[in-house]
Amino acid sequence: MSSLDATRAELGLLVLYLNKAEARDKICRAIQYGSKFVSNGEPGTAQNVDKTTSLARKVFRLFKFVNDLHALISPTPQGTPLPLVLLGKSKNALLSTFLFLDQFVWLGRTGIVENKERTELLGRISLFCWLGSSVCTTLVELGELGRLSGSMKKLEKEIKNSNKYDNEQYQAKLKKSNERTLALIKAGIDVVVAAGLLQLAPQKITPRVTGAFGFASSLISCYQLLPPASAKSKTL
């Protein structure tokens, strides 16, 4: 493969990635929280970038609450324990509420709706919903990792006479475990970010801490949205 073909393939992957509205939103999120880290809540250029990027991101999320509303009313996979089902549905309900209320926050901050007090109240309620959904996600991922760990140990016993890494079923479970571990880390980070935005512990979770955790969470989200290996091979 020539260097031109390789460059074309890499650009093709980049186009595929940037065509996702979710990917562009997470890149903006990284800029937003990176600016918050730099500004540390102090007035200046970095804080202006933080505020304008935050407002711009709300446009990406218009009507996005429908996604979690659909997940809320969709059936869960058979065999899922009831506590995990309830936590998962609670997460969907809270996240959908957060995204729904966030639209009214956008209307208020753009001046379309002139009621600053109500806008701030809805913004705070929506952040509490996001905090709750992040806590639910953390608990769901912990529960699912426990289930995966049990099934992997059971599979190891069944294939103890052969290399477990050569077993396709084991490889699939291992990949799923790694994905859920990353999702667990991100959810835990998002709990801290939400607490920082709500100023629940202002002395410990300062704007700089919130910015650092938010930036890390955004990078994880960007990584999670990368095209799968199959898409890469097709491009090449």
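**Entry 1**

I began with the side chains of Asp25 and Arg57, which meet in a salt bridge with N to O at 2.9 Å. Asp25 belongs to helix α2 and Arg57 to helix α3, so this pair ties together parts 32 residues apart in sequence. I took a salt bridge to be a side-chain nitrogen of Lys or Arg within 4 Å of a carboxyl oxygen of Asp or Glu. Helices are DSSP runs of H or I with at least four residues, strands are runs of E with at least two, and both are numbered from the N terminus. Both Asp25 and Arg57 are buried. For burial I used relative accessible area with a 1.4 Å probe and protein chains only: buried is under 20%, exposed is over 50%, and partly exposed lies in between.

I note here that the model is predicted: local features need pLDDT of at least 70 and side-chain atom pairs count only at pLDDT 80 or more, while totals for chains, interfaces and linings use all residues. Residues are numbered from 1 along each chain as its sequence is written, and side-chain values use heavy atoms, with hydrogens and water left out.

**Entry 1: further salt bridges**

I next looked up Asp50, which forms a salt bridge with Lys36, the closest N and O atoms being 3.1 Å apart. This pair links distant parts of the chain, with Asp50 in helix α3 and Lys36 in helix α2, 14 residues apart. Asp50 and Lys36 are both buried.

I then turned to Arg180 and Glu141, whose salt bridge has its closest N and O atoms 2.8 Å apart. Arg180 is in helix α7 and Glu141 in helix α6 (residues 116–158), so the pair ties together parts 39 residues apart in sequence. Glu141 is buried, its relative accessible area being 10%. I also found that salt bridges with shared partners join Glu22, Asp25, Lys26, Arg57 and Lys64 into one network. A search of the whole structure gives 12 salt bridges.

**Entry 2: helix α3**

I checked the length of α3: its 16 residues reach 23 Å from first C-alpha to last, close to the 22 Å expected at 1.5 Å a residue. The expected span is 1.5 Å times one less than the number of residues in the helix.

Which residues of α3 are buried? I recorded Ala46, Gln47, Asp50, Thr53, Ser54, Arg57 and Lys58. Seen down the axis of α3, these buried residues fall within an arc of 150°, so they line one face of the helix. The arc is that of the directions from the helix axis to the C-beta atoms. On the other side of α3, Thr45, Lys51 and Thr52 are exposed. The cover over the buried residues of α3 includes α2 (21–39) and α5.

I located Arg61 in the loop between α3 (45–60) and α4 (65–73). Arg61 is buried, with a relative accessible area of 8%. Leaving aside neighbours within four places in sequence, I found Arg61 in contact with Asp25, Phe98, Leu99 and Asp102, where contact means heavy atoms within 4.5 Å.

Phe63 has its place in the loop between α3 and α4. Is Phe63 buried or exposed? I noted that Phe63 counts as exposed, at 59% relative accessibility. Its phi is near 65°, a positive value in a residue other than glycine. Most residues other than glycine have a negative phi.

**Entry 3: helix α7 and its end**

I found 30 residues in α7, reaching 43 Å from first C-alpha to last, close to the 44 Å expected at 1.5 Å a residue. At the start of α7, a side-chain oxygen of Asn167 comes to within 2.9 Å of the backbone nitrogen of Gln169. Just after α7, Gln199 takes a positive phi of about 55°. Gln199 is placed in the loop between α7 (168–197) and α8 (207–224), and at 59% relative accessibility it counts as exposed.

**Entry 4: the whole chain**

I finished with the chain as a whole, which has nine helices and zero strands. Its C-alpha trace spans about 70 × 55 × 35 Å along the principal axes. Buried residues make up 37% of the 236 residues. Among contacts between residues at least 6 apart in sequence, 74% join residues at least 24 apart.

Key: Polar contact = N/O pair within 3.5 Å; in protein donor to acceptor, adjacent residues only side chain to side chain.
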